[in-house]
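My entries follow in the order in which I looked.

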Amino acid sequence: MTKNEIIQILEDWNFWNRDQKTGLSRPIYISRLTELFSSNQVITITGPRRAGKSFVMRQMIKQLINNGQNPKDIMHVNLEDPRFTESGVLFLEKIFQTYREYISGQNTPILFLDEIQEIEGFEKWIRMMHELSKAKIIISGSNASLLSRELGTLLTGRHIDMEVFPLSFSEFLSFNNIAFANTLDLIGRESEIKSALRKYIEYGSFPEVALEEQKKEILLSYFEDVITKDLLRRYKIKKAQDLRSIVKYYLSNVTTLSTFKSIERSLGMSITSVKNYTGYLEQAYLIFPLQRFSFKVREQEKSPRKIYAIDTGLCNAVGFRFSENYGRLAENIVFVSLKRKLSLNPNMELFYWKDIHHSEVDFVIKDGLKINRLIQVCWNMEDEKTKNREFRSLQKAMKELNVSKATIITESTEGEEKLNGYMVKMVPLWKWLLAEESLPAGEGQAPSAHKGL
Ligand SMILES: Nc1ncnc2c1ncn2[C@@H]1O[C@H](COP(=O)(O)OP(=O)(O)O)[C@@H](O)[C@H]1O
Ligand SMILES: [Mg+2]
């Protein structure tokens, strides 16, 4: 490619001579990035495809420019741009040199390299640039391990990661123009928020899906993109049909217990394929496994895992029977919300709990050495039998794990019950989400935090 052709493409991505669409602001990520920016480290931004990583990058660039940075000191490039006809590290160097020659001034440039995993061997180049202080570097990609494995070894202690997730419920409300300054603002707007929650559960929380009308079409095209770009192409998978069936299997079996063996049996593929594919899906941020809590590591590893998906909209789009499974989708939403917290707090760990009598608790949250929260998701608490079962499971777990308080997340039931010295708080999902999201990363949600909402 000629330098002129490269510059033309770069001009489309940058603020040099024009403004760029930055979308609706996502302050959580911009304030975190601002904080990370002051360190002398390479910043990696990871997260599922279409979660909004490129938009967050552009919002950050806009903020830098608003604070006085010369736009020409900044280069943003998306390495997945199909107009690039060359590839590899030499091409990346060529892009950089072209930018230096034609655009940038005297200052150390700031490089935003989007979808960097497209460049084979990018890690060494990044390390060289960083070590020689040739640029400040922010990279992004839609794959957890590609960005962390080799880069981790090459840049030990010299890179920090930020994960971008699809919209939290608070972000979702603000994307839907349901604005509130503080929790008092929410009183009296319950029905509006509940109807938004229904959409959040049904169509999920990808930013574009939240904003556009053609929700199902967009979700199906995301699904295809992940399958073809993040999985088939990246891992050179030949058996496309097998891959599709395992993705569908996981997306329609969220919240259920599964072992590699049980999937091998129900899909009729080899256990090695099941294991490999599952690993790829996890690295592409499509699914997340949850392990059983146990004081014994071996038992923990032997137990079946529960699988959750990045987005409930995707589950529904690929064939999950939505209307029958409200409770399971709600549980998935609670999981993703906890996962967001986890990504900000490295001391936090998440498990499910189960005893030999098959009593279960959905989430056990450990902070450091301490188990500090137990959460059960039970959509319908009206039924006496269900209610008793959930309470019984929680009490057993509270006793075994020595925790005195627990939360049951419901559709609408609210209240508190004290049983043999154990306190169980019931709170509707929408309230729980908003309270949880308003708390700092390190803090568990104390039951009293729901008050006033
Ligand atoms: N902050 C935002 N405001 C408005 N729309 C957004 C925002 N973030 C993402 N989107 C929408 O979602 C799509 C995917 O976002 P993008 O940033 O390209 O995701 P990623 O880089 O993670 O793949 C965008 O094309 C846009 O339609
Ligand atoms: Mg992108």
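I take two strands as paired if DSSP finds at least two bridges between them, and I take helices (H or I, at least four residues) and strands (E, at least two) as DSSP runs numbered from the N terminus. The model is predicted, so I note that local features need pLDDT of at least 70 and side-chain atom pairs count only at pLDDT 80 or more, while totals for chains, interfaces and linings use all residues. Residues are numbered from 1 along each chain as its sequence is written, and chains are lettered from A and ligands numbered from 1 in the order in which they are written.

**Entry 1, domains.** I find the protein chain divided into domain 1 (3–163) and domain 2 (326–453), with bounds that come from an automatic or database domain assignment. The C-alpha centres of domain 1 and domain 2 lie 39 Å apart.

I read an open sheet of 5 strands in the order 2-3-4-1-5, with parallel pairing. Strand 2 (74–78) and strand 5 (159–163) are at the edges with a single partner strand each, so one side of each has no neighbour in the sheet. The twist from one strand to the next averages 15 degrees, where axes are lines fitted to C-alpha atoms, for helices over the stretch in contact, and angles run from 0 to 180 degrees between N-to-C directions. Strand 1 (residues 42–46) pairs with strand 4 (residues 136–141) in the parallel sense over 4 bridges, and Thr 44 stands opposite Ile 139 in strand 4.

I read a second open sheet, with 6 strands in the order 9-10-11-12-14-13 and mixed pairing. Its edge strands, strand 9 (348–354) and strand 13 (415–419), each pair on one side only. Helix 16 (residues 326–344) packs on this sheet, touching strand 9, strand 10 (360–367), strand 11 (370–377) and strand 12, and its direction makes about 155 degrees with that of strand 11; contact here asks that two C-beta atoms, placed from the backbone, lie within 7 Å. Helix 18 (residues 429–438) touches strand 12 and strand 14, at about 100 degrees to the direction of strand 14.

How many of its 5 residues are buried? I count a residue as buried if 20 or more other C-beta atoms lie within 10 Å of its own, as exposed if 12 or fewer do, and as partly exposed in between, with C-beta atoms placed from the backbone. For strand 13 the count is 0. Strand 13 runs antiparallel to strand 14 and is joined to it by 5 bridges; in their hairpin, which has 2 residues between the strands, Asn 420 takes a positive phi near 45 degrees.

I define a nonpolar core as a set of buried Ala, Val, Leu, Ile, Met, Phe, Trp, Tyr and Cys residues joined through C-beta atoms within 7 Å. The largest such core has 113 residues, and Ile 137, Leu 286, Ala 309 and Val 364 have the most contacts inside it. Helix 3 (residues 53–66) gives the most to this core, with 6 residues, and the core draws at least three residues from each of domain 1 and domain 2. Leaving aside neighbours within four places in sequence, Ile 137 is in contact with Val 42, Leu 111, Leu 113, Ile 126, Met 129 and His 130.
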